[in-house]
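Please walk through the model below, beginning with a sheet and ending at the DNA.

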There are 2 protein chains.
Amino acid sequence: MVSSKDVAKRAGVSQSTVSRVMNDPLKVSKIARESVLHAMEELNYRPNSVARSLVNKKTKSIALISGPLHNPFFVETTTSIVNSAKQHGYHTNVHFENFGDNMSLYKDVLSHQFDGLILSSIFYKDPIYEELKKLDVHFVMFNRKHQSGGHYVEIDNIAAGRLAAEHLLKLGHRDIAWIGGDLKTSTFHGRHKGYLDAVTEQGIQIPEHFIQVNDTTRVEVHRAIESMLARKQRPTAIFAATDSIAIFILDYLHEKGYSVPDDISLIGMDNIEWSSHHSFQLTTVGHDGPKNLGQLAIEHLMDLMNSEKKEEEINITVEPKVFVRKTTKEL
Amino acid sequence: MVSSKDVAKRAGVSQSTVSRVMNDPLKVSKIARESVLHAMEELNYRPNSVARSLVNKKTKSIALISGPLHNPFFVETTTSIVNSAKQHGYHTNVHFENFGDNMSLYKDVLSHQFDGLILSSIFYKDPIYEELKKLDVHFVMFNRKHQSGGHYVEIDNIAAGRLAAEHLLKLGHRDIAWIGGDLKTSTFHGRHKGYLDAVTEQGIQIPEHFIQVNDTTRVEVHRAIESMLARKQRPTAIFAATDSIAIFILDYLHEKGYSVPDDISLIGMDNIEWSSHHSFQLTTVGHDGPKNLGQLAIEHLMDLMNSEKKEEEINITVEPKVFVRKTTKEL
DNA sequence: AGATTATTTGAATACGTATTCAAGTGTGTG
DNA sequence: CACACACTTGAATACGTATTCAAATAATCT
C-alpha cells in the first residue's frame with residue numbers, strides 16, 4: 001500500500017504538502033504541486049478512504065435497509081437510492097429486512113459507520129426509533145413510518161386502502177378479501193384500515209378467513225390464497241395490499257385455472273412498473289409522480305446531511321389514485 | 001462520540017485493556033473485564049469501525065458491481081450476494097453498471113476501501129482487469145468473464161445459445177431473430193455465437209435486421225422489436241438473449257395484439273423466477289441448480305479472502321439446459 | 001532599503017483502535 | 001528463600017490522512 005508519506009518522499013516534500021494538493025491545491029506552489037502529482041502517477045497512489053474517514057468523521061456512505069427485492073417495489077426504490085446516492089458522491093451499503101429478527105440486523109448495520117440511513121423496515125411502534133435518535137444518526141424512513149414521527153416519506157395508506165375497496169364496491173362486489181403483510185407496519189395497517197372502513201360503512205360483514213395476514217413471499221402468499229379458496233364461502237374480489245402480492249396471487253389463480261377478472265377480481269397497490277405489463281394489466285392504487293418514494297427519501301436524506309437543519313421534520317405523504325386496468329370487473 | 005478512551009477512564013483502566021476485552025477477553029482479569037463491560041453499558045459505547053479498519057487493514061465489506069435491477073436476473077444474484085455476505089460478516093456496497101462509462105464507475109468504486117469485489121460489468125477485453133490485478137484486489141466476475149481468465153463464474157453461453165437455436169430449429173423455424181445486448185461482453189458474445197453456429201450449420205442465411213444489439217432497457221428492447229417487425233421479412237421465432245429481454249418483448253407483442261406462440265415463438269435465457277410465472281410461461285435456457293451465479297460468486301470470493309490460496313484460479317462454467325414451457329411452438 | 005503582509009512549508013498532532021513491549025504482580029518449584 | 005514462570009497491565013506506537021501552528025520565504029508598500 002503506497003501512502004501519502006511515500007508520495008511525499010518521492011516528491012521531496014512533506015506529507016502535509018501531499019495532503020494539501022489533494023484538498024486545497026491552491027495552497028501549494030505550482031512547482032511542488034506538479035512534483036507531487038507526478039509522484040502520485042509514478043507510484044499509482046490511491047488515497048486511503050478509511051484513514052480519511054477517520055479524521056473527517058465522514059464516510060461518504062449511507063446505509064439502506066430495504067424490503068426484500070422479490071417485491072419489485074423495492075427494486076425500483078433501491079435502484080433510485082443507490083444511483084442517486086452515487087450522484088451525490090455517496091456509496092450505499094445495502095441490507096435487507098430480516099423478518100423475525102430485525103434487531104440483530106440493526107445491530108449489524110450499526111456496527112459499521114455511515115453518514116445517513118434510509119430504512120423501510122421499521123414498525124409503527126419500534127424501539128429502534130429511540131435507539132437511532134439516541135445515537136444521533138441521520139435517518140429517514142420510507143414507505144413506512146413510526147408513531148413518534150421523525151423524517152418519513154410515505155403514501156397515504158389509509159386513503160389508498162379506501163380507494164381500492166371503494167373501487168371494488170362500486171363494481172358491485174361485497175365479498176372482498178384482503179391479503180397483506182404484518183399489521184405492525186404502518187403500511188399494511190393503513191391499507192387494512194382504509195379497506196375495513198370503506199367496507200364497514202356499507203354495512204358489510206367480512207368473514208374472518210377473508211383477511212389473511214402473512215409473510216409476503218411467494219410461497220406464503222400462495223398458501224394464504226389457497227387456504228382462502230378452500231373454504232365454502234369465497235370472495236368475488238381480492239384486494240392485495242401490494243402489487244407484488246397481487247402478482248403472486250395472479251400466478252396462483254392462473255395456475256389453478258381461474259380466470260381474472262371473470263372468476264375473481266383482483267386489485268393491487270403500489271403501481272409498480274410490472275403492474276402495467278400487458279401480461280398482467282393489473283388494476284392498482286398508487287402514486288402518480290415522477291419520483292418514487294425511495295428517490296424522495298434519498299433526496300431528503302441528502303438535505304438532512306448537508307445542511308444541519310434538523311429542526312424541521314420531513315413528513316411527506318403523497319396522494320394515491322386508482323389505476324384501472326384489466327383485473328377488476330363488474331360483478 | 002464515546003471512544004474506548006472514555007470507557008477506559010470510566011472503568012479505571014487503560015485503553016489497551018478496553019481494547020482487549022473486545023478482542024481477547026481471556027487476556028484480562030475478570031474484575032477488570034466486568035468493570036469495562038459495565039462502563040461500556042453505561043456510556044452506550046460503540047466501537048468505531050473506521051478506526052478498527054485502519055489498523056486491521058480489513059473493512060469487513062465487499063463491493064458489488066451488478067447489472068441493472070430491471071433485469072430480474074440481477075435481482076436474484078444481488079439478493080444472494082448481499083445476504084450471503086452478511087452471513088459471513090460482510091457488508092455489501094452495491095453499485096450498478098454504468099452503460100457508456102464504466103471507467104468512471106470503477107474509479108468511484110475504487111475510491112473506497114473494501115476487502116473483495118464481485119462484478120458482472122466487465123467486458124471480454126476490458127482494461128480494468130489489469131488495473132484490478134495491479135491493485136491486488138480480490139475480485140471474482142460472475143455472469144461475464146475476461147479474456148485473461150481470472151476468477152469467474154458463468155454459464156456456458158455458447159452452448160446455451162446453441163441450445164436455444166436448436167430448440168427452435170427442431171420446431172421447424174428457420175427465420176429466427178436474435179435480440180440481445182453488447183457483444184463486447186462474453187455473455188452476449190457467446191449466446192450470439194452459439195445461435196449463429198447452430199443456424200449456419202443448417203445452411204440458413206440470417207438477414208441483417210434479424211439481429212438486434214441494443215441496450216437492454218425496456219424502451220430500447222421495444223424499439224428493437226418494433227423496427228424488426230416493421231420490415232417486410234419477419235421472423236417466425238425470436239431468441240431473446242436474456243429472459244428480461246424476452247419479457248419486455250412479450251409485453252410489446254401483447255400490447256400490439258400478437259399472440260405468442262401462435263403468431264411468433266419466443267425463447268429466453270437465464271431461467272429467472274419470473275419466467276415460470278403462469279402469466280408468462282416462458283420457454284428458456286438456463287442453469288438448473290440450487291445456487292445462482294451470484295451465490296457461487298460470493299462463496300468463492302469468501303474462500304479467496306479468507307484463505308490466501310490465490311494460486312488456483314476459480315473457473316466455473318455451469319451447464320445449461322432447455323426449459324420448455326408455453327412460448328414456443330411448432331411452425 | 002526597511003517594514004509589513006502574503007504565501008508556502010514542514011513538524012507536530014489528532015482521529016479511535018490494536019498491538020508490542022516491558023514492567024509489575026503473583027504462583028509455584030526446588 | 002531464591003528463582004523461574006505465568007498472568008495482567010499500561011505506555012508507547014502504528015495505521016494513513018487532515019489540520020494547526022509557527023517558521024521561513026517571497027512579495028508589496030512606504
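In chain B, six strands form an open sheet in the order β7-β6-β8-β9-β10-β12, with mixed pairing; strands are DSSP E runs of at least two residues, numbered from the N terminus, and two of them pair if DSSP finds at least two bridges between them. β7 (211-213) and β12 (320-323) of chain B are the edges: each has a single partner strand, so one side of each lacks a neighbour in the sheet. From one strand to the next the twist averages 15°. The model is predicted; local features need pLDDT of at least 70 and side-chain atom pairs pLDDT 80 or more, while totals for chains, interfaces and linings use all residues. Residues are numbered from 1 along each chain as its sequence is written, chains are lettered from A and ligands numbered from 1 in the order written, and side-chain values use heavy atoms, without hydrogens and water.

Strand β6 (residues 176-180) of chain B runs parallel to β7(B), joined by three bridges, and B:Ile179 stands opposite B:Gln212 in β7(B). Helix α11 (residues 243-255) of chain B packs on the sheet, touching β6, β8, β9 and β10 of chain B, and its direction makes about 150° with that of β9(B). Contact here means heavy atoms within 4.5 Å; axes are lines fitted to C-alpha atoms, for helices over the stretch in contact, with angles from 0 to 180 degrees between N-to-C directions.

DNA strand C is surrounded by 27 residues, each with a heavy atom within 4 Å of it. The closest include A:Thr17 and B:Tyr45. A polar side-chain atom of A:Ser29 lies 2.8 Å from a phosphate oxygen of DNA strand C, and one of A:Lys57 lies 2.9 Å from a phosphate oxygen.

Technical notes:
A polar contact is a pair of N or O atoms within 3.5 Å; within protein, one must be able to donate a hydrogen and the other to accept it, and residues adjacent in sequence count only if both atoms are side-chain atoms. Helices (H or I, at least four residues) and strands (E, at least two) are DSSP runs, numbered from the N terminus.
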